Amino acid sequence: MNYCIEVAGLAYQFSDNTPVLKDIQLRVPQGAIYGFLGPNGAGKTTTLRLITGLLRMQKGTVQILGRSFREHRLEILRQTGSLIESPAIYEHLSAAENLLVLQRIYQCPKSNIMEVLQTVGLAAVSNKKAGQFSLGMKQRLALAMAMLHHPKLLILDEPTNGLDPNGIIEMRDLLKKINREQGISILISSHLLPEIERLATHLGIISKGRMVFEGSLEQLSGLRQQVRGYLLDTTDNAAALELLAAQEIPVVTDTGRIQVPALPVAAIAELNSQLVQQGIGVYGIQPVKNDLETIFMDLIQA
Amino acid sequence: MLAYIFSVQSEWLKRKNSAAVWLTILGGTFVPLIILGVRFYHFDQLAAQNASADLWERLYRHGWQYMGFLLLPMGGILVTSLITQLETRSNAWKLLHVTPQRFTTIFLAKLTVILVLLLFFFLLFNINIYLTGVVPAWVVHDVPYPVAPFPWIKYLSGSGQFLLACLPIVALQYLLGLLYRNFMLPLGIGLGLYIASVMALSWKYAYTIPYIYCMMLANNGVIPSGTYIMPAGYFMVFAVLAYILYIRKKEKG
């Protein structure tokens, strides 16, 4: 598989030696929408700032589009578009002028300006000062600025931050469209699991400066199919709990039902027989499967 | 070289509609307008002044006296800070530093825009001083066109000296603007240094203070002989220091 971003052994610490990132390994497949997920303060932005060269690297390697970032910074940046944290926009300039500032540097055709403004739905307000834009419009303009030179790769740090639900849906649809129609690979960070679940094809989860999961959404869904326990419905929960305690089986009863761990199927069948033999009626045995949120919480709390 | 030209074009676009441009225009127009107003106030002397041989000399002296002592150093502080802080106020250092440009190119392009604005200010000021001499002749029938030829060489050389005198201010303000991601701090330090310079003007070693040369020129007409090297030296030292600090900055946005 070809990867447009390959990060290996990335570590970073502040000047007071507080470690922020520890041995980050990250691989973004070509053509993927890679969701970089983690709670606030996990190290997402620091990772992205290191990848884009906004922070000086201390340890590790970053390869983008098959080249070392350290050695080929300019060539890589020519093919990459970035939106790091809040949108960086010159508010005293119009939307079109903001893009013109970048067009001069990239020396791409001027026609790209209207093209990207149309893509993000800002063509009608191209001459309006960016300072008068709503946050959603600013985010879209920042995305247009990142896409102006037709990059092969987009690096977006929480681009939906501060957007209302409608804005989030619009941004998500826009990113899917860009990825599908223009074949642009996208690395997008977020702390919102549902957002990434609906958008990404691949996923990396970071917690406390460490990568705790990396794989496709299917692999994560595979974890979802795993049974994390069984719920028992009995006619006499108190007697059932006594029997389970005697067998030293840990239980959870906070839902009013008895939850036992994910024992082998044979052990569950045996447990059922024992309960019935003790005169306790069992009218339900229900497997409990993982939901994504639980998996995510388990991963970041591990 | 091409990358530098494209970078300057990009930086030049950013100053559009910015306060720095309006300050430059205002700075180059304000003093000549006041002088013109004063000339019209003493309406009865207009004809005699335009007929005198030292009209341009007096306009030069009055113009640069106010300009050099107050407006030029203040303008240098404000315009340099405003241009440098454009990225900070727009939260755009991170945008600029992920564009495919060498940091050296960015550094030079920003400095170029500041120096071009400064040159534009000098040009505007000289044109406006010229207009204070000729406008009365255009609008008042009895006032003759200035009889003395316009002393281009004197104006050019004077502007050159003031330009040299304000370069240390530009370089140090540029350094501070790049160093601090905060608009008020560089501005405060600049104003503090200006006030300190005013207070130290009569000091024996005043020529060692980097912000003082415009005031010296405005006050005495000259920078003490042999010390022209000082503003040029300060400019070089501050500019190189600014470059080193900028390049070595760990966080680029």
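## Strands, sheets and a chain contact

In strand S7 of chain A, A:Leu153 is the bridge partner of A:Thr80. This is a predicted model, where local features need pLDDT of at least 70, side-chain atom pairs count only at pLDDT 80 or more, and totals for chains, interfaces and linings use all residues. Residues are numbered from 1 along each chain as its sequence is written, and chains are lettered from A and ligands numbered from 1 in the order in which they are written.

Let's stay with S7(A), residues 153-157. It's mostly covered, with 4 of its 5 residues buried (20 or more other C-beta atoms within 10 Å of a residue's own; exposed is 12 or fewer, partly exposed in between, with C-beta atoms placed from the backbone). Further along, A:Asp157 has A:Ser189 in S8(A) as its bridge partner. From S7(A) the chain runs through helix H6 (residues 165-182) of chain A and on to S8(A), a right-handed β-α-β crossover (clockwise from first strand over helix to second, with the strands pointing away from the viewer). Helices (H or I, at least four residues) and strands (E, at least two) are DSSP runs numbered from the N terminus.

| Strands (chain A) | Sense | Bridges |
|---|---|---|
| S6 (residues 80-83) and S7 | parallel | 4 bridges |
| S7 and S8 (residues 185-190) | parallel | 5 bridges |
| S1 (residues 3-13) and S4 (residues 59-64) | antiparallel | 5 bridges |
| S3 (residues 33-37) and S9 | parallel | 4 bridges |
| S9 and S10 (residues 210-216) | antiparallel | 6 bridges |

A:Leu203 stands opposite A:Gly35, while A:Gly204 stands opposite A:Glu214 in S10(A). S9(A) and S10(A) make a hairpin with 2 residues between them, and A:Lys208 in the turn has a positive phi of about 50 degrees.

Another set of 4 strands forms an open antiparallel sheet in the order S2-S1-S4-S5 of chain A. S2 (19-29) and S5 (67-68) are at the edges with a single partner strand each, so one side of each has no neighbour in the sheet. Inside it, A:Ile5 stands opposite A:Ile64 in S4(A). Helix H1 (residues 44-51) of chain A packs on this sheet, touching S1, S2 and S4, and its direction makes about 115 degrees with that of S1(A) (lines fitted to C-alpha atoms, for helices over the stretch in contact; angles run from 0 to 180 degrees between N-to-C directions).

Zooming out, chain A has 11 helices and 13 strands. Its radius of gyration is 25 Å, well over the 19 Å that the globule rule gives for 302 residues, so chain A is more spread out than a compact globule (taken over C-alpha atoms; the rule is 2.2 Å times the number of residues to the power 0.38). The C-alpha trace of chain A spans about 80 × 45 × 40 Å along its principal axes, and 38% of the residues are buried.

Finally, the contact between chains takes 24 residues from chain A and 23 residues from chain B (C-beta atoms, placed from the backbone, within 7 Å). On the chain B side, helix H1 (2-14) and helix H6 (93-96) each give two or more residues, and the largest share, 6 residues, comes from H1(B).

How values were computed. Pairing = 2+ DSSP bridges. Contact = placed C-beta atoms within 7 Å.
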